[in-house]
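Subject: Handing over a structure

Dear colleague,

I am passing a structure on to you, and below it you will find my notes on what was found. Please read them with the structure open beside you.

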Amino acid sequence: MIVFRLNSYVSWRSALVCLLAGPALLIAQPAEASSEDDWATASDIGVGTLTAWSLGVPLIQGDNQGALQASGSLAASALVAQSLKQVVRETRPDGSNRRSFPSGHTSMAFGAASSILERRGAKEGVPAMILAGFVGLARVEAEKHYWHDVAAGAAIGTLSGLLITQPKDSRQITMVWGDAHSAGITYVARF
């Protein structure tokens, strides 16, 4: 029991530090040094943090199933986003290439964050989703994506996390459903 509490404490503390790392790095920069490169770096840090958080915390806590589900969510997010980039071939706002739609960084960030939310609940999931939103903002500010690229990436990542990850607490279930006429998300909790 003590080890579990220690792991929970360490994971929450680590999550808080990681959540503050990206914005803190931007704030620490002098105003004149702020540029698209700083935003791009911040988005890289955000994605790396969320990936490590979604995979590392379950492994530290001995939740191998949670780590496997998080890796599946990340893989699905990357596969769908990269496939769409090859098909759509939209030019980036900075003109660097034709891989703007959808945002791969944002899909990975939301894939990791929604996996955290689904597996471990709102206590960790809400800060993770906020950090994922910051990644999307940073991609737009870095002039790597348009807002619709980020929105599509967020949808891809969120759906992959919700479809692949199951709650650790079996009293809560989230189901994504759809047919030819409608779609939705159902959340069921047993008290």
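How closely do the axes of helix α4 and helix α6 come, and at roughly what angle do they cross? Before the answer, please note that this is a predicted model, in which local features need pLDDT of at least 70 and side-chain atom pairs count only at pLDDT 80 or more, while totals for chains, interfaces and linings use all residues. Residues are numbered from 1 along each chain as its sequence is written, and side-chain values use heavy atoms, with hydrogens and water left out.

The axes of α4 (residues 104-120) and α6 (residues 147-164) come within 7 Å and cross at roughly 35 degrees, where an axis is a line fitted to C-alpha atoms, for helices over the stretch in contact, and the angle runs from 0 to 180 degrees between N-to-C directions. Helices (H or I, at least four residues) and strands (E, at least two) are DSSP runs, numbered from the N terminus. Residues of α4 including F110, S114 and E118 meet residues of α6, among them V150, G157 and L162, contact being heavy atoms within 4.5 Å. By class, this contact has five nonpolar, ten polar and one charged residues (Ala, Val, Leu, Ile, Met, Phe, Trp, Tyr, Cys and Pro count as nonpolar, Asp, Glu, Lys and Arg as charged, and the others, Gly among them, as polar).

R139 lies in helix α5 (residues 122-141) and is buried, because its relative accessible area is 6% (buried means under 20%, exposed over 50%, and partly exposed in between, with a 1.4 Å probe and protein chains only). Not counting residues up to four places away in sequence, R139 touches residues including A40, S43, T106 and V150. Although R139 and D44 are 95 residues apart in sequence, their C-alpha atoms are 9.3 Å apart in space.

Finally, Q166, found in the loop between α6 and β1 (172-178), is partly exposed, with a relative accessible area of 36%.
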